[in-house]
Amino acid sequence: DGLNGGKYRSAAAVAELVEQVWAAGPERRLVVVTGGEPMLQLDEALIDALHQRGFRVAVESNGTLPATPGIDWLCISPKGGTDVVQRSGDELKLVWPQDGIDPEALERWDFSHHLVQPMDGPEGSVQAAIALAMNRPKWRLSLQAHKVVGLA
């Protein structure tokens, strides 16, 4: 419903629009697909169309659906109480603290990077995320800088 929102006739049409919007952007082309849940809509045809136009494709998903083949950077951010089926990728981002998630169990998943990020809102979440990173060396602290400086 927003700017450039709507339905498109093909993956090529979406990729063409992305390229038009990007025209004034830097040479290193990167599209980050987020959502809702991007795996409900992202398909190989769109990834291929974006690749043909020189874009790398990064995705942040909750992991409840398998990742579409061809993604260049996959971030999974699991939510407590969900059945995560995508247990491999580039980046595992744990929003913390969160009921129903065991950081130790997540360490066995196949990710290159394990990041813990304070949950926005609950008092003590920053300290809880720091404590997790300090006590479990596989995890690194991740912050949303705009929230830290009050631009949320």
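Glu60 and Lys93 form a salt bridge in this predicted model, with their closest N and O atoms 2.9 Å apart; a salt bridge is defined here as a side-chain nitrogen of Lys or Arg within 4 Å of a carboxyl oxygen of Asp or Glu. Helices (H or I, at least four residues) and strands (E, at least two) are DSSP runs, numbered from the N terminus. Lys93 is buried at 10% relative accessibility, whereas Glu60 is partly exposed at 26%; buried means under 20% relative accessible area, exposed over 50%, and partly exposed in between (1.4 Å probe, protein chains only).

Residues are numbered from 1 along each chain as its sequence is written. Because the model is predicted, local features need pLDDT of at least 70 and side-chain atom pairs count only at pLDDT 80 or more, while totals for chains, interfaces and linings use all residues; side-chain values use heavy atoms, with hydrogens and water left out.

By the stated criterion, the count comes to 4 salt bridges. One of these joins the side chains of Glu19 and Arg29, at 2.9 Å from N to O. Glu19 lies in helix α1 (residues 11-22) and Arg29 in the loop between α1 and β1 (30-33), so the pair ties together parts that are 10 residues apart in sequence. Glu19 also meets Arg53 in a salt bridge, at 3.4 Å from N to O. This pair links distant parts of the chain, with Arg53 in the loop between α2 (44-52) and β2 (56-61) and Glu19 in helix α1, 34 residues apart. Glu19 is partly exposed at 28% relative accessibility, as are Arg29 at 21% and Arg53 at 22%. Through shared partners, the salt bridges join Glu19, Arg29 and Arg53 into one network.

A nonpolar surface patch of about 800 Å² is made by Val126, Ile130, Met134, Leu141, Leu143, Val148, Val149 and Leu151. Patches consist of residues with over 30% relative accessible area and no salt bridge, like charges being joined within 9 Å and nonpolar side chains (Val, Leu, Ile, Met, Phe, Trp, Tyr) within 5 Å. Accessible areas come from the Shrake-Rupley method with a 1.4 Å probe, and for residues only the protein chains shown count as cover. Helix α4 (residues 125-135) gives the most to the nonpolar patch, with 3 residues. Met134 lies in this helix, α4, and is exposed, with a relative accessible area of 66%.
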